[in-house]
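Here is a short report for a first look at this structure. Start with the view below, then read on.

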Amino acid sequence: MKKEFEVISKIIENNKRVLDVGCGDGTLMEYLKEKQKNDVRGLEPQKNLVQKCIAKGLPVIEGDAEEELAQFPKKSFDYVVLSQTLQAFLNPEEVLEQLLRIGKQTIVTIPNFGYWKVRLHLLFKGTMPVTKNLPNEWYNTPNLHMCTIKDFVNFCTKKNIKIDKSMCVTEEKISEITNKNIGYKNIFSQLGIFLIE
Amino acid sequence: MNSELKNIKKLIVNQSLELDCGKIIKDFPLAYETYGTLNKNKDNAILAFHALTGDQFCTNINPITKREGWWTFAVGPGKAIDTNKYFVICANVLGGCMGSYGPKEINPETNKFFGTTFPVITIRDMVRAQKYLLDYLGIKKLLSLAGGSMGGMQVLQFAALYPDLSHSTIPIACSASHSAQNIALNELGRQAIMADPNWKKENSSPDKGLAVARMAAHITYLSKKGLQEKFGRKLQDKGSLKFSFEADFQIESYLRYQGATFVDRFDANSYLYITRAMDYFDLEKQFKGNLSLAFKDNKSKFCIISFSSDWLYPTIENKEIVIALNACGANVRFVEINSDKGHDSFLLDVPDFLKTISEFINSTYNEIKK
C-alpha cells in the first residue's frame with residue numbers, strides 16, 4: 001500500500017464509518033474494511049473502477065463528487081477521505097464545504113505544487129511542470145486548481161477550518177508539518193495530508 | 001397448451017391474503033419454477049422477479065411457449081447467476097397468465113373465467129404472495145433478490161416489506177414510483193386492447209389490440225440508436241417502396257412479428273392488470289413521501305444498476321433509489337452500464353452487466369460464508 005494510504009488508515013480508528021470520495025479501484029476501502037472493520041462507502045466517477053469495486057464486494061456508487069455529495073446527510077460519516085482530487089474539481093471550495101458537512105472529520109490529501117522539482121521546472125524550463133506526481137501536460141491535465149501545502153493551510157485559516165493534523169510525504173518518508181517547518185516542508189514534500197473539521 | 005399448463009409447479013396458498021384493493025383471496029394458485037439445488041443450510045437461494053410479460057420460466061426452454069426463458073443470458077449453469085452454485089426461484093406474478101392466480105383462471109365462485117372481474121392487484125400484492133412460496137420452501141433468508149423493470153419494482157417492494165429476508169438486493173432498470181411517461185405508455189397499451197371489438201367477448205380474445213399494445217411497448221424497450229443501427233431505413237423486400245400500407249420497412253415487419261407472436265403467449269387481460277399494478281406502484285407514497293423510510297434499518301447489500309440508453313426507466317430514476325438509500329446510510333452500490341440496447345439491456349447479452357451481477361452475488365456469498 002502506498003505511503004499516503006498508510007497515513008490515512010492510521011488516522012482512522014477501527015469500526016468507524018468512512019466515505020472515500022474518488023475511491024478508485026477501492027484499495028484503501030478494502031484495507032479499511034478488512035483490517036480495521038470500518039464501515040466503508042465509496043464514490044467514483046469512472047465506471048470501470050466502480051465495477052472493480054463491486055467485484056470486491058465494496059459499496060461504491062458511480063458519480064461525480066460535485067453532484068453526488070449533497071445526498072449524504074450531515075455528519076453521517078466519522079471520516080470522509082478525499083485523496084489527491086481536490087485540485088481536479090471545477091469548484092473545490094464547494095466540494096470541501098460538502099465534505100466538512102458530511103464528515104465529522106475530513107482527510108484531504110493534495111499533491112504539493114510547491115515541491116522543489118515543480119518550482120525548478122517552471123523556473124528553468126519555463127514550461128508547465130511535469131513530474132512523477134503530476135505526469136500530464138498543461139493541455140490534458142485533469143488538475144484545474146493546483147495549490148501548495150502553504151496555500152491549503154492559508155485557505156483553512158481563512159475559512160475557519162480547524163486543522164487537527166497535518167502530515168507530509170517526502171521521498172517516501174512521512175513527517176509532521178508544524179508552524180515552524182512549513183516553509184521547508186512546502187519545498188521538499190510531494191504530498192500534504194490534512195485532517196480537518 | 002392448457003394440458004401442459006397443468007403440469008407446471010404450483011403452490012396452492014391456503015392462507016388468506018388481503019389484497020390492497022380490499023378483496024381477500026384464499027386457496028389461490030402461485031405457479032413457480034426453480035433452478036439449481038437448494039443447499040443444506042438453505043443459504044444459496046436467489047429470488048428472481050419477472051417483468052411485465054415474463055413468467056416463472058426464467059431460463060432454459062419454456063415448456064409452454066417453447067421459447068427461451070426471459071433471463072437465459074443471466075441464469076443457468078456457469079452463467080452470471082450460476083445455477084451450479086445457487087438455487088434460483090421464480091414465480092409467476094399474481095395477475096399473470098402462466099398458472100398463477102390471474103384473469104385467465106377460473107373463478108371458483110362462478111365457475112367462469114375471471115376476465116375483467118378479476119380484482120385489481122398491486123406490486124405489493126404480488127410480493128406478499130411470493131413470500132408464501134419462500135415459507136413453503138423453508139427459506140428463512142435469501143442470498144439475493146433480483147429483477148429488472150417491474151421485477152426491480154418487486155425487488156424494492158420486497159426489501160421494504162421484509163427488510164431482514166435477504167443478504168443482497170438487486171433492483172435493475174426500475175423506479176420506486178412509476179413516472180407519468182410510463183403510466184401514459186401503459187395507458188396507450190390498455191386502450192389498444194380495450195378498443196379491440198373482441199375484448200370482453202366470450203370465446204374470443206382481442207388479439208389485434210394486444211398486438212398493437214405489444215408493438216408500442218416494444219419500441220420503448222429499445223433505444224433510438226439501437227433501432228437505427230439494426231434497421232435504419234432498410235426495406236423488407238430489396239426492391240423499392242410498394243406505395244401501399246404493407247410493411248415496406250424492416251422495422252415495421254419486425255414490430256408486426258413481435259405483436260403477432262406475443263398474442264400466442266400472453267393474455268390481454270393479464271396485460272391490463274399487470275400494467276395497472278405497475279402504474280399504481282409508488283413506494284415513496286407508501287412511506288409518506290420519504291423513500292428512505294422504505295429502507296430504514298435494512299442491512300442488505302444493495303446493488304442498483306441502470307443502462308445508459310434506457311429511456312423508459314432512465315438512470316435518473318434509478319439514482320433516486322440510490323439517493324434514498326444513501327440518505328438512510330444503507331449499504332449501497334450503483335453503476336450505470338453503457339449499452340445501446342435500451343431498457344431491454346437487462347435481458348440481453350451485455351457483458352459488463354452480467355459480469356457486475358455475477359461478481360456482486362459471488363462476493364456477497366463469499367462474505368456470508370466467511
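## Two domains in chain B

The C-alpha centres of domain 1 and domain 2 of chain B lie 26 Å apart. This is a predicted model. The domain assignment of chain B gives residues 2-179 plus 282-369 to domain 1, and residues 183-273 to domain 2.

Contact joins 22 residues of domain 1 to 14 residues of domain 2. On the domain 1 side, 7 of the touching residues are nonpolar, 11 are polar and 4 are charged.

## The core

The largest nonpolar core has 158 residues. B:I46, B:A48 and B:V88 have the most contacts inside it. Both domain 1 and domain 2 of chain B give residues to this core, so the core lies between them. As a general rule, nonpolar side chains in soluble globular proteins tend to be buried together.

Take B:A48 as an example. Setting aside residues up to four places away in sequence, its contacts include B:C58, B:W71 and B:V75. B:A48 also touches B:V88, B:C90, B:A146 and B:G147.

## Chain B as a whole

Chain B has 11 helices and 14 strands. Of its 370 residues, 49% count as buried. Take the contacts in chain B between residues at least 6 apart in sequence: 70% of them join residues at least 24 apart.

For 370 residues, a compact globule would have a radius of gyration near 21 Å; chain B has 20 Å, which agrees. The overall dimensions are set out here.

| Property of chain B | Value |
|---|---|
| Radius of gyration | 20 Å |
| Box filled by C-alpha atoms, along the principal axes | roughly 65 × 50 × 40 Å |
| Distance between the C-alpha centres of domain 1 and domain 2 | 26 Å |

## Where chain A meets chain B

How many residues does each chain bring to the contact? Chain A gives 15 residues and chain B gives 21. On the chain A side, α3 (47-55) and β3 (60-62) each supply at least two residues. By class, the side of chain A that touches chain B has 8 nonpolar, 4 polar and 3 charged residues.

## Confidence

The average pLDDT of chain B is 96, and 99% of its residues score at least 70. For the complex, the predictor gives an ipTM of 0.93 and a pTM of 0.95. Where pLDDT is low, predicted coordinates should not be read in detail.

Definitions and conventions: Residues numbered from 1 in each chain as written. Chains lettered and ligands numbered in written order. Predicted model: local features only at pLDDT ≥ 70, side-chain atom pairs only at ≥ 80, totals over all residues. pLDDT = per-residue confidence, 0-100. Core = buried A, V, L, I, M, F, W, Y, C linked by C-beta atoms within 7 Å. Buried ≥ 20, exposed ≤ 12 C-beta atoms within 10 Å, placed from the backbone. Domains from an automatic or database assignment. Contact = placed C-beta atoms within 7 Å. Helix = DSSP H or I, 4+ residues; strand = E, 2+ residues; numbered from the N terminus. Rg over C-alpha atoms; globule rule 2.2 N^0.38 Å. Nonpolar A, V, L, I, M, F, W, Y, C, P; charged D, E, K, R; others polar.
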